[in-house]
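Here is a short briefing on a protein with a ligand. Look at the structure, then read the points below.

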Amino acid sequence: MSSRVVIVGGGPGGYEAALVAAKAGADVTLVERQGLGGNAVLTDVVPSKTVIATAEWLTIAHRAPELGIRRSDGADLASSLTVDMAQVNSRIKDLVRKQSSDIAARLEHTGVRVIEGAARLEGPHRVAVDDTALEADAVLLAVGARPRIVPGCEPDGERILTWTQLYDLTELPEHLIVVGSGVTGAEFAGAYHLLGSRVTLVASGDRVLSREDPDASAHLTDVFRERGMTLVGGRAATVARDDAGVRVTLEDGTVLEGSHALMAVGSVPNTSGMGLEEAGVELDERGLIRVDRVSRTTARGVYAAGDCTGVLPLASVAATQGRIAMAHALGDAVTPIDLRTVASNVFTVPEIASVGASEAELKERGLFYEVSRLDLARNPRAKMLGIDEGFVKIFGHTVTGQVFGAVVVGPRASEHIYPLSLAVAQHLTVDDVAAAFTVYPSLSGTISEAARRLHRIEAEG
Ligand SMILES: Cc1cc2nc3c(=O)[nH]c(=O)nc-3n(C[C@H](O)[C@H](O)[C@H](O)COP(=O)(O)OP(=O)(O)OC[C@H]3O[C@@H](n4cnc5c(N)ncnc54)[C@H](O)[C@@H]3O)c2cc1C
């Protein structure tokens, strides 16, 4: 008899695992209460990256005069463009629906049974959905997370918003106050500013994106300021609204007034009230499910993946954890997750992509490393494209030249990080990276050149 697998949650942690398990011959049931694709598709990754795509296109208009592109009537191209927010959001909703139904079709095609509803555990091998009880040899919990709500700053869905509520806006906010300057806050602040809103960004750290590479976050902080965004240090104590707008009061008493507020202050896992602890699944003090590197929870036969585990809140990590869980549950070869090879990106303009170890981690681990940093502005292709910002930074082992990590800041850095991600995953050296041909002229030439600069000439005899 084939193994019975029940997966709770249809985001990347859940649906990728369902596909893997069904292809491996398991009898798979996936339970989802909201819609296939999870928050990743419905409210988080897909909608945010789609609104950012519109914002990014607008930046090309800013470069138009330098590139010799003018309006036929002589007017300035950038200032004559305007954003139709209703159209932007309706495009987003169409894309979300399409992506969600593509996932549904793939699951159906692969033989996964999908049940709509909210699941709860009735023991490590039994999942209940309304009146239906599902017996399972293995259960995967991939229930994700939701926006954290700070008391005194509760969203109303109209003027005080979480990121999941932005897509019903039919008009661009006149003055958006973004509370939180982590990845989500920075991405939305940057995007809405480029779309044409006035933006005030409230940062609790000393700079925007304080957990990213210090050069990268300093660069983005400068870019935001130069574009005219207002950056304010502090934490929001309360947010109130009336018919005309919002008032954000910071802990030090500063009052900020705007038309809308976006609360981007982190997430909390969807792990309460579903019988987890009663079934032996241990949670930490923040409600995150404790897992090991092969996605096992403390209850035998119960696995967990994605944002509900707090391992790293990325869709790619969720999917990897889910696949590993299924490999383990079904007796396939298992490679434990290695967070030292994860690539990630901040989708601001410019983008900030990173892979492997950060400089801070290298220092902490006491490793001998050298840094090579090259600005993109000196790259011939960048000059042709009118790109005058960004850089490539590579961390290589002082003796062996092994690539430990890298940061790319620039347009489509998310694409350019891939060769460096390959280098980190495969333990390649800076010489290996430099030895591969790059197209001339191309932005990737700077990656190769940065690696070449870390080459060491062996001392003779
Ligand atoms: C604004 C924003 C932008 C982001 N952008 C990126 C990005 O560009 N790249 C990236 O890699 N990551 C990004 N992330 C992170 C990414 O969204 C998450 O890491 C990813 O969604 C995690 O996937 P998951 O499967 O764990 O959970 P989710 O995608 O949250 O899915 C969990 C699903 O479980 C369902 N569920 C919960 N409880 C139950 C229950 N009891 N019964 C049935 N169903 C249940 C929920 O309805 C939900 O659909 C972003 C996050 C945010 C907030």
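A backbone N or O atom of Gly13 sits 2.9 Å from an oxygen atom of the ligand. That is a polar contact (a pair of N or O atoms within 3.5 Å; within protein, one must be able to donate a hydrogen and the other to accept it, and residues adjacent in sequence count only if both atoms are side-chain atoms). The protein covers 93% of the 990 Å² of accessible area that the ligand has on its own. Accessible areas come from the Shrake-Rupley method with a 1.4 Å probe; for residues, only the protein chains shown count as cover.

This is a predicted model: local features need pLDDT of at least 70, side-chain atom pairs count only at pLDDT 80 or more, and totals for chains, interfaces and linings use all residues. Residues are numbered from 1 along each chain as its sequence is written, and side-chain values use heavy atoms, with hydrogens and water left out.

**Ligand contacts**
- An N or O atom in the side chain of Glu32 is 2.7 Å from an oxygen atom of the ligand.
- Gln34 has a polar side-chain atom 2.9 Å from an oxygen atom of the ligand.

**Asn379**
- Asn379 is buried, with a relative accessible area of 4%.
- Buried means under 20% relative accessible area, exposed over 50%, and partly exposed in between (1.4 Å probe, protein chains only).
- The side chain of Asn379 reaches the backbone oxygen of Ser442 at 2.9 Å.
- Beyond its neighbours within four places in sequence, Asn379 is in contact (heavy atoms within 4.5 Å) with Ser442, Leu443, Gly445 and Thr446.
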